[in-house]
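Colleague: Could you put the model up and walk me through a few local features?
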Amino acid sequence: MKNILIIGSGIAGLTAAIKVCEGGGNVVLASPAHSERSQSVMAMGGINASLNTKGENDSTHDHFKDTINGGKGINNEKAVKKLTSNALNVVKWLGDIGVSFTRDENGNIDLRNFGGQKHKRTAYASARTGKQIVSSLTALCRKKEAEDSLKYIKPWRFLSLIITNDECIGAILFNENTNEIKAFEADSVIVATGGMNKLFGKTSGSTHNDGYVTAKLLEQGVELANLEMIQYHPTTIETPIKRLLITEAARGEGGRLYVIKDGKPWYFMEEWYPEFGALMPRDVVSQSIYKVCNDLDLGIDGKNQVYLDISHLPDEFIMSKLDEVYKTCIRYLNLNPCNEPIPVYPGVHYFMGGIKTDENHKTNIKGLFAAGECSCQYHGANRLGGNSLLGAVNGGWIAAEYALNHESNNQFEDNLINNVLNEEKEKFDIWSKKDISSNSVPLFKIEENLASIMNNSLSIYRNEKDLNNSYDELCNMEKIAIKADSRNDYYSYIRLPSLILLAKAMVLAALNRKESRGSHQRVEYPDLDDENFKKTTSLIFKDDNIEVSFK
């Protein structure tokens, strides 16, 4: 019987765990927190599948084309073909296990419009689709726990992979409550650890998805891809802690974007893009809002904000289908969206880049798989709304299948595993005895500076000068990080240098892609360059250097 270690308990990790158990394997599912606190619960808008219940002649082929077009042609076509072909079965399975999708008057799963797609294709559960899916998957995982095929451990953090002969045979994990460091052997490892939010500070995502696992995998020889492709969601609001999402469903149900021009509302998206209006792909909408505020100086009250208006929709419609939008505005803005427009601006939302995987979710290291937002293959230069939940479920499902089928060429080597474990324990011992000197820099200050550097250089529009300056600053930061005052927080201490390395890789990816494609907009290179760059950006760490190539 195969033993599979899964790191991360959002939708991708939960799906993988269930499918491994259904395939006859045993699972250890490791996470820093309960699944109910994963970023997956924040997904409001819905999940894409060409159910074609609206008489619009939708098809999996159209879904495939829209996904490739949205990603500006650098998606993995084999992976996208699997994604869109499997979507119908994915949604049916979710319904079967208890996801309470909103239904239309005929009893069919209701569908709404989402950006970059001509057809109504996005199935949803009110404005809390992610919560519904997580609840159903969690209930099924608890059943697997009761059957003893799944062991769910928390709060355990990933420290490093155990690799021998270019094959992953387990991982070293750290218990944040007890400071225990332990080796977990496995026939295969599935990483489902989400995006890289910690690098940018205030994003729409969860702080649990800090990017450390992706960063550490880069250090250990795992190939990454398309790190420069960072999605800014067009409609977020600012709070003291983070940016909160105003779901794309608000525009899918008829919400309009405008600013005041010449004393009256100007619906700029409808003028610039009459076919789709505010439902253009997210990169286009975010770039348009940026231009309105920064180039045309038409932001609300001179600020980087435009209005999102849903007040023309019936109150009962907003309270039922967009209830999360209503609650968010009331709670955080003291604003009733039934009566007033919502001030919004783009915020970092999703990372199309990450761990490079093929259509079967395999990495370049045998026995290591990745799924969900940390995995790069579906979305190319821009993700379509509704494809993230689909990618998470589909990716977890496929990763489980191929992880179970993986045949190891290595015997578990007790000496190797003990050596790796002892190395990690020695690092902890050194840290625990470390004196805090008077010239130490508070770790949170370094993290704040890191986020500032990344937001400045990898914003909606990038330029060579800022990118080069940021790379130099990151190199200097590596020297400062050694002196960081981490006081009783070992995980943050070991995470920081890895995150700085990952940040350098992201900046190098943006510097080397000398064109503008999707979410990557270079001021000096405003056009697409298919001849040189209709390719995947590949990054690998060798001999203390980050190598960048295009494949």
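Modeller: Gladly, and since this is a predicted model, I will begin with N334, which is exposed, with a relative accessible area of 70%.

Colleague: Where is N334 found?
Modeller: N334 is found in the loop that runs between α10 (323-333) and β17 (342-351), and although N334 is not a glycine, its phi is positive, at about 50 degrees.

Colleague: And H361, is that one buried or exposed?
Modeller: H361 is buried, with a relative accessible area of 0%, and its place is in the loop between β18 (354-356) and β19 (368-370). H361 also has a positive phi, of about 65 degrees, although it is not a glycine.

Colleague: Why do you single out phi values like that?
Modeller: Because most residues other than glycine have a negative phi, and most peptide bonds are trans.

Colleague: On peptide bonds, then, what is the one from K154 to P155?
Modeller: That bond, from K154 to P155, is cis, with omega near 0 degrees, and P155 is found in the loop between β6 (150-153) and β7 (156-164).

Colleague: Changing topic, how do the axes of α2 and α3 cross?
Modeller: The axes of helix α2 (residues 60-70) and helix α3 (residues 77-96) come within 9 Å and cross at roughly 140 degrees, and the two helices are therefore oblique to each other. The crossing in which α2 passes α3 is right-handed.

Colleague: Which residues make the contact?
Modeller: From α2 they are T60, H63, F64, T67 and I68, and from α3 they are E77, V80, K81, T84, S85, A87 and L88; the residues of this contact divide into five nonpolar, five polar and two charged.

Key: Residues are numbered from 1 along each chain as its sequence is written. This is a predicted model: local features need pLDDT of at least 70, side-chain atom pairs count only at pLDDT 80 or more; totals for chains, interfaces and linings use all residues. Side-chain values use heavy atoms; hydrogens and water are left out. Axes are lines fitted to C-alpha atoms, for helices over the stretch in contact, and angles run from 0 to 180 degrees between N-to-C directions. Helices (H or I, at least four residues) and strands (E, at least two) are DSSP runs, numbered from the N terminus. Angles under 35 degrees count as roughly parallel, over 145 as roughly antiparallel, 65 to 115 as roughly perpendicular and the rest as oblique. A crossing is left-handed if the near helix is turned anticlockwise from the far one by less than a right angle, and right-handed if clockwise. Contact means heavy atoms within 4.5 Å. Ala, Val, Leu, Ile, Met, Phe, Trp, Tyr, Cys and Pro count as nonpolar, Asp, Glu, Lys and Arg as charged, and the others, Gly among them, as polar. Buried means under 20% relative accessible area, exposed over 50%, partly exposed in between (1.4 Å probe, protein chains only).
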